[in-house]
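Colleague: I would like to learn how to read a model like this one, feature by feature. Could you walk me through it?

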Amino acid sequence: MLDDPLVQDLLKKIIDDPMEEDSNNIEIVRCLNDGITTDEEIAEKTGIRLNIVRKILYKLYDGGLASYKRYKDPETQWFSYNWQFEPEEVNNTLKKHIHDEIEEYEKILNDEKNNMFFVCPQGHNRFDFEDASNNDFICPECGEEVIFEPNEDFIESLEKKIDSLHEKYDSIGN
Ligand SMILES: [Zn+2]
């Protein structure tokens with residue numbers, strides 16, 4: 001499952017800091033998925049610093065992809081955590097993300113279908129009919145007249161995108 005590119009994208013979105021490149025945080029998930037339950041063991045196995053391992057575990061928890069059980073070590077009286085990966089939540093989360101994406105594209109599609117659009121010939125602005133009309137069909141940045149722009153091609157590309165997202169959604173198992 002962790003080798004599925006869709007799953008890897010999702011995990012990266014959840015655990016990776018976009019400011020840091022070449023992270024191998026996915027190895028932490030791999031360890032969890034292999035049944036390693038404590039942060040110390042994961043740090044040892046992956047060579048990733050313990051505080052980073054903890055941060056990633058909490059990110060997974062926050063994203064609903066991991067859970068933990070807290071217990072008191074009878075010897076030291078310290079609390080320890082047993083972590084667990086929640087693979088069945090991966091598909092649910094994937095589906096939710098794709099569902100949200102489909103809704104966003106459908107909103108744009110509706111807007112495109114229900115409006116006419118006008119663009120500045122210099123590329124400054126794109127207006128729907130109402131905004132263009134409020135500006136007397138003049139671009140406020142350069143004073144040139146805005147021109148009607150057919151949007152059939154854009155609509156078609158949106159529809160294709162939505163279709164492919166539906167296919168992606170249906171390809172994910174339960
Ligand atoms: Zn302009």
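**Reading the fold**

Modeller: Let us start with the largest nonpolar core, which has 18 residues; among them, Ile28, Val29, Leu32, Ile56, Leu57, Leu60 and Ala66 touch the most other members. A nonpolar core here is a set of buried Ala, Val, Leu, Ile, Met, Phe, Trp, Tyr and Cys residues joined through C-beta atoms within 7 Å. Buried means that 20 or more other C-beta atoms lie within 10 Å of the residue's own, exposed means 12 or fewer, and partly exposed is in between, with C-beta atoms placed from the backbone.

Colleague: Which elements give two or more residues to this core?

Modeller: They are α1 (5-15), α2 (26-33), α4 (50-62), β2 (79-85) and α5 (87-113). Helices (H or I, at least four residues) and strands (E, at least two) are DSSP runs, numbered from the N terminus. Before we go on, keep in mind that this is a predicted model, in which local features need pLDDT of at least 70 and side-chain atom pairs count only at pLDDT 80 or more, while totals for chains, interfaces and linings use all residues. Residues are numbered from 1 along each chain as its sequence is written.

Colleague: How is the protein chain divided into domains?

Modeller: There are two: domain 1 (5-85) and domain 2 (90-171), with bounds that come from an automatic or database domain assignment. Their C-alpha centres lie 39 Å apart. Six residues of domain 1 are in contact with four residues of domain 2, where contact means that C-beta atoms, placed from the backbone, lie within 7 Å.

Colleague: Can you show me a core residue and its contacts?

Modeller: Take Leu57, which touches Asp39, Ala66 and Trp83 when residues up to four places away in sequence are not counted. A second, separate core has six residues, including Phe118, Phe127, Cys139 and Val146.

Colleague: Let us turn to strands. Which residue stands opposite Ala66 in β2?

Modeller: Phe85 does. With 24 C-beta neighbours inside 10 Å, Phe85 counts as buried. Leaving aside neighbours within four places in sequence, Phe85 is in contact with Val29, Leu32, Asn33, Leu65 and Ala66. For a sense of distance along the chain, Phe85 and His97 are twelve residues apart, and their C-alpha atoms are separated by 19 Å.

Colleague: How many bridges join β1 to β2?

Modeller: Seven, and the two strands run antiparallel; strands pair if DSSP finds at least two bridges between them. Another facing pair is Lys69 and Asn82, the latter in β2. The two strands form a hairpin with six residues between them.

Colleague: What should I look for in the turn?

Modeller: Most residues other than glycine have a negative phi, and most peptide bonds are trans. Gln77, in the loop between β1 (66-72) and β2, has a positive phi near 65°. Gln77 is exposed, with 7 other C-beta atoms within 10 Å.

Colleague: Where does Phe137, with its positive phi of about 60°, lie?

Modeller: Phe137 is in the loop between α6 (129-134) and β5. This residue counts as partly exposed, having 15 C-beta neighbours inside 10 Å.

Colleague: In what order do the three strands of the open sheet come?

Modeller: The order is β4-β3-β5, with antiparallel pairing. β4 (126-128) and β5 (147-149) stand at the edges, each with a single partner strand, so one side of each is left without a neighbour in the sheet. Neighbouring strands are turned by 40° against each other on average, direction ignored; the axes are lines fitted to C-alpha atoms, for helices over the stretch in contact, and angles run from 0 to 180 degrees between N-to-C directions. Three bridges join β3 (residues 117-119) to β5, and the bridge partner of Phe118 in β5 is Phe148.

Colleague: Is Ile108 buried, partly exposed or exposed?

Modeller: Ile108, in helix α5, is partly exposed, with 15 C-beta neighbours inside 10 Å. Ile108 and Tyr58 are 50 residues apart in sequence and 34 Å apart in space, C-alpha to C-alpha.

Technical notes
Two residues are in contact if their C-beta atoms, placed from the backbone, lie within 7 Å.
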